[in-house]
Amino acid sequence: MGSVSFPPSGEFLQSIRASSKALREAANIIIDEQSIKRLLLSPAFATSFERLSASNGLAMPLNFPTAHAELNFWSIFALLNFGSGYRAPLHAETGGGASDCMKALAFALYISTDDDLMSARGMHNISQATVAELMRVNLHTEKPHETLQHVVVGELRGPMYDLVTMITRVLNETGGILVNMGYPDLGMFVLEALKDAGSKVRSDRNHQADVEVILERLVRAFPAFQDMAVVNGQRIFCFKKALFLIHAISVRFGSADPPPFPVPSTPRDLPVFSDNVLPSMLVHLGVIDISQSPQLLSVFPQAGSPPRLQTLLATAAPGTDANANVSPNDGPILSANQAYILRAAAIDACELMANVARAVDEPALDWLKDMQLASLDRWIWSVAKDRQDYRGLERFVLRDTVFF
């Protein structure tokens, strides 16, 4: 990957879609309408979409004293919403996946009785030891002593040490930027962006402009939101965490009457929040065809076979326990370039899926005509954990990233 410049001001959303389509096509990844319809019309999709897409995954057992406190919480959770490459070691260490662990960390930061860890200065000064303590993970890996037989020593190394190091770096870096800019916390920065976005909407009545303003402000200010790269000479923009935060603000505060501050009226075509789950699942479910892509030929070699697809697209087998304890295994380990290619393919695939769904002309399937990208995103992400056979499907791994 090479250095990459930001999209033109006001064109961040369009750049996500355009760059994803261009990179997917350049990598010779195939997404055809028949494969999309095969999934949309399958029993697996029809019997679970309404139930799984209805949950937004944003409930928290917290009673926030102010709207600003809640805004700051979700802003920090979005900032920390990465670590998917550590899914297997996190399950082994804590019993939960990356998203659950990061939400638990944000919760622990919020309720901590120590210094105000949710403030800009608290984030800037937090230590690895504090992060590890709040996450309840061990930073040491034992190994035999070099000279003393039957003696083991602990070293600061291993996957949990690497993850905690990245988390601490993101918190320190973001907190430092906020301190230098004069903001008391990340929520105040986001609040100011929301107010600017509200002024933009009132001035030109373009309801998408508010999203553009917030997205651009977040991405330009903080490296941990700069989810973009140059891959094979082409720019790619995903901005997964920033998009997620905008969506979370819309969901959490949009129903208040009146809302406590200008809330993004999230457009129905807000791009999906592409991580490792969406592309991996869409490969397994036959929508993303990587069999002709030279850079991805060795990835998910079993995906796409007719017998396997037939099972995955059917309803869950009788007696399947969706909550069965299936220990996740690491999937194929990808390079950063390969991960961006697959994430781009997922963004473009979901755009195409929504278009196909809205064009279905069958009275019994009228519900497809109102397909929302956020709902489709939520279904793919949720169904990956809803069925025991889906839980066992491999997801690609990229560990050295703070973007997903």
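Student: Which residues of helix 2 meet helix 16 in this predicted model?

Tutor: From helix 2, E33, I36, K37, L39 and L40. They meet L352, M353, V356 and A357 of helix 16.

Student: What makes these residues count as being in contact?

Tutor: Distance between heavy atoms: the cut-off is within 4.5 Å.

Student: Why is helix 2 called roughly perpendicular to helix 16?

Tutor: Take the axes of helix 2 (residues 33-40) and helix 16 (residues 336-359). They come within 10 Å and cross at roughly 70°. Roughly perpendicular covers 65 to 115 degrees. The crossing angle falls in that range, so helix 2 is roughly perpendicular to helix 16.

Student: What makes helix 14 largely enclosed by the rest of the structure?

Tutor: Burial. Eight of its eight residues are buried, so helix 14 is largely enclosed. Buried means under 20% relative accessible area. The buried residues are V277, L278, P279, S280, M281, L282, V283 and H284.

Student: Which helices do they pack against?

Tutor: Helix 2, helix 15, helix 16, helix 17 (373-386) and helix 18 (388-391). Just after helix 14, G286 takes a positive phi of about 85°.

Student: Why is F300 called buried?

Tutor: Its relative accessible area is 5%. The cut-off is under 20%, so F300 is buried. F300 lies in the loop between helix 14 and helix 15 (306-312).

Student: What is noted about the phi of F300?

Tutor: Phi is positive, about 50°, although F300 is not a glycine. Most residues other than glycine have a negative phi.

Student: Why does N232 count as partly exposed?

Tutor: N232 has 48% relative accessibility. Buried needs under 20% and exposed needs over 50%. The value lies in between, so N232 is partly exposed. N232 sits in the loop between strand 3 (228-231) and strand 4 (234-237). Its phi is near 50°, again positive in a residue other than glycine.

Student: How do you know that the peptide bond from D257 to P258 is cis?

Tutor: Its omega is near 0°. P258 is in the loop between helix 13 (240-253) and helix 14 (277-284).

Student: What makes helix 5 largely enclosed?

Tutor: Eleven of its 13 residues are buried, so helix 5 is largely enclosed by the rest of the structure. Among them are F73, W74 and F77.

Key: Residues are numbered from 1 along each chain as its sequence is written. This is a predicted model: local features need pLDDT of at least 70, side-chain atom pairs count only at pLDDT 80 or more; totals for chains, interfaces and linings use all residues. Side-chain values use heavy atoms; hydrogens and water are left out. Buried means under 20% relative accessible area, exposed over 50%, partly exposed in between (1.4 Å probe, protein chains only). Helices (H or I, at least four residues) and strands (E, at least two) are DSSP runs, numbered from the N terminus. Axes are lines fitted to C-alpha atoms, for helices over the stretch in contact, and angles run from 0 to 180 degrees between N-to-C directions. Angles under 35 degrees count as roughly parallel, over 145 as roughly antiparallel, 65 to 115 as roughly perpendicular and the rest as oblique.
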